[in-house]
Amino acid sequence: MEKSKVLIVGGTGYLGRRLVVACLGQGHETYVLHRPEIGADVDKAQMLLLYKERGAHLIPGSFSDHRSLVDAMKLVDVVICAISGVHIRSHHILLQLKLVDAIKEAGNVKRFFPSEFGTDPAKMEGAMEPGRVTFDDKMMVRRAIQDAKIPYTYVSANCFAGYIVGGLCQPGKIFPSRDHVVLLGDGNQKAIYVDEDDIAMYTIKAMDDPRTLNKTLYLRPPQNILSQREVVQIWEKLIGREIQKSSISKDEFLAAMKGQNYAEQVGMTHYYHVFYEGCLTNFEIGAEGEEASKLYPEINYTTVDQFLKRYL
Ligand SMILES: NC(=O)c1ccc[n+]([C@@H]2O[C@H](COP(=O)([O-])OP(=O)(O)OC[C@H]3O[C@@H](n4cnc5c(N)ncnc54)[C@H](OP(=O)(O)O)[C@@H]3O)[C@@H](O)[C@H]2O)c1
């Protein structure tokens, strides 16, 4: 089967750069949107040049120029967007409505992967303010895609390992401590952690797969479905000693959230739903979804243990 041509939007981002590498690595003709708005950001420019050296095509295009987006869409079969959606960095999920308009007008795109890659927003109707904005915006984009009858795959990647495992599941921390950890509640709620390079691998695998057409692809690597306590135990084994533990109750966590700024509160809401309510693991995948490690058992995913070894 001929491999799809792919446009990556947000290709210099935290996840986007991994998508570009995975796409090139899996032999797809790869196009990367090059926005004039990056201006004199020399890091992004160097990254784009590196992609070009590796065989990617850089396609000029701006969210302020509809025609440029339509022209970019016309070059490819598949569009993957990894535009920003984490408030402590930047959040532009709704800009994707412009991509939806462009894809609709171009009329040739066989599959669109919007910027999701987290908790399934369809399962978060009852989410708390202010963090629910992430899910509401992602759902608005989904509705626009489906109204426009654009074929899609939504990737529910659960917790990015770099954000969550690195900090032993504590908000605001991305390096594991060797002396003390704060458990969220009793620390026993199961969550799911996925290495960011694996997220990219699974996404690119799913692209030409009819089994993932108009479905949600859930990434649930079986060995990485663990509670915070289990993540900490893995770390303790690696460093060869127990670390001191305290815990923060649900009420204390919610009270502490009130003292944070808006962007931090959004993030803390997400931690709350994952680590106090178990929103990643409290449902079975239904007919609307597929599980990635079952579809692609050949991907040798990174376990939490392997991931944490990087910090030794
Ligand atoms: N599950 C999790 O734990 C988790 C963690 C983090 C992120 N995520 C999700 O992953 C997705 C990608 O997030 P990320 O952290 O990789 O994003 P990011 O690195 O913050 O940003 C990605 C890209 O968004 C583009 N962008 C930023 N501002 C823009 C603007 N004003 N106009 C147009 N484009 C703009 C840039 O693309 P250019 O290359 O064009 O400059 C940037 O490189 C989001 O949906 C996010 O919610 C999930």
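**Helix packing and local geometry in the predicted chain**

The buried residues of α3 pack against β1 (6-9), β2 (30-34), β3 (57-60), β4 (78-81) and α4. Contact here means heavy atoms within 4.5 Å of each other. Helices (H or I, at least four residues) and strands (E, at least two) are DSSP runs, numbered from the N terminus. The structure is a predicted model, in which local features need pLDDT of at least 70 and side-chain atom pairs count only at pLDDT 80 or more, while totals for chains, interfaces and linings use all residues. Residues are numbered from 1 along each chain as its sequence is written, and side-chain values use heavy atoms, with hydrogens and water left out.

Helix α3 covers residues 66-73, and its buried residues are Ser68, Leu69, Val70, Ala72 and Met73. A residue is buried at under 20% relative accessible area, exposed at over 50% and partly exposed in between (1.4 Å probe, protein chains only). Ser64, in the loop between β3 and α3, counts as exposed because its relative accessibility is 64%.

The protein chain as a whole has 12 helices and 15 strands. Its C-alpha trace spans about 55 × 45 × 35 Å along the principal axes. For 312 residues, a compact globule would have a radius of gyration near 20 Å, and the 20 Å of the protein chain agrees with this. The radius is taken over C-alpha atoms, and the globule rule is 2.2 Å times the number of residues to the power 0.38. Of the 312 residues, 54% are buried. The chain exposes about 14,100 Å², of which carbon and sulfur atoms supply 51%; accessible areas come from the Shrake-Rupley method with a 1.4 Å probe, and for residues only the protein chains shown count as cover. Among contacts between residues at least 6 apart in sequence, 81% join residues at least 24 apart.

Two packed helices are described by the angle between their axes and the distance between the axes. Axes are lines fitted to C-alpha atoms, for helices over the stretch in contact, and angles run from 0 to 180 degrees between N-to-C directions. Angles under 35 degrees count as roughly parallel, over 145 as roughly antiparallel, 65 to 115 as roughly perpendicular and the rest as oblique.

Helix α5 (residues 132-147) packs with helix α4 (residues 96-106) at an angle of about 10 degrees, and the two axes are 10 Å apart. Helices α4 and α5 are therefore roughly parallel to each other. The contact brings Gln96, Leu97 and Val100 of α4 to Met140, Val141, Ala144 and Ile145 of α5. By class, this contact has six nonpolar residues, one polar and no charged. Ala, Val, Leu, Ile, Met, Phe, Trp, Tyr, Cys and Pro count as nonpolar, Asp, Glu, Lys and Arg as charged, and the others, Gly among them, as polar.

Helix α5 also meets helix α10 (residues 262-275), with axes that come within 8 Å and cross at roughly 80 degrees. Helices α5 and α10 are therefore roughly perpendicular to each other. Here Val133, Thr134 and Phe135 of α5 meet Tyr262, Val266 and His270 of α10. The residues of this contact divide into four nonpolar, two polar and no charged.

The loops on either side of α5 were also examined. Pro130 lies in the loop between β7 (111-113) and α5, and the peptide bond from Glu129 to Pro130 is cis, with omega near -5 degrees. Lys149 lies in the loop between α5 and β8 (153-156) and is exposed, with a relative accessible area of 72%. The C-alpha atoms of Lys149 and Lys104 are 8.2 Å apart, although the two residues are 45 residues apart along the chain.

Most residues other than glycine have a negative phi, and most peptide bonds are trans. Leu168, not a glycine, has a positive phi of about 50 degrees, and Cys169, also not a glycine, has a positive phi of about 70 degrees. Leu168 counts as buried at 0% relative accessibility, and Cys169 is buried with a relative accessible area of 0%.

Cys169 is one of the residues touched by Leu184, whose other partners include Pro171, Gln228, Ile248, Phe253, Tyr271, Phe275 and Tyr276, residues up to four places away in sequence not being counted. Leu184 is found in strand β10 and counts as buried at 3% relative accessibility. Its C-alpha atom is separated by 9.9 Å from that of Glu252, 68 residues apart along the chain.
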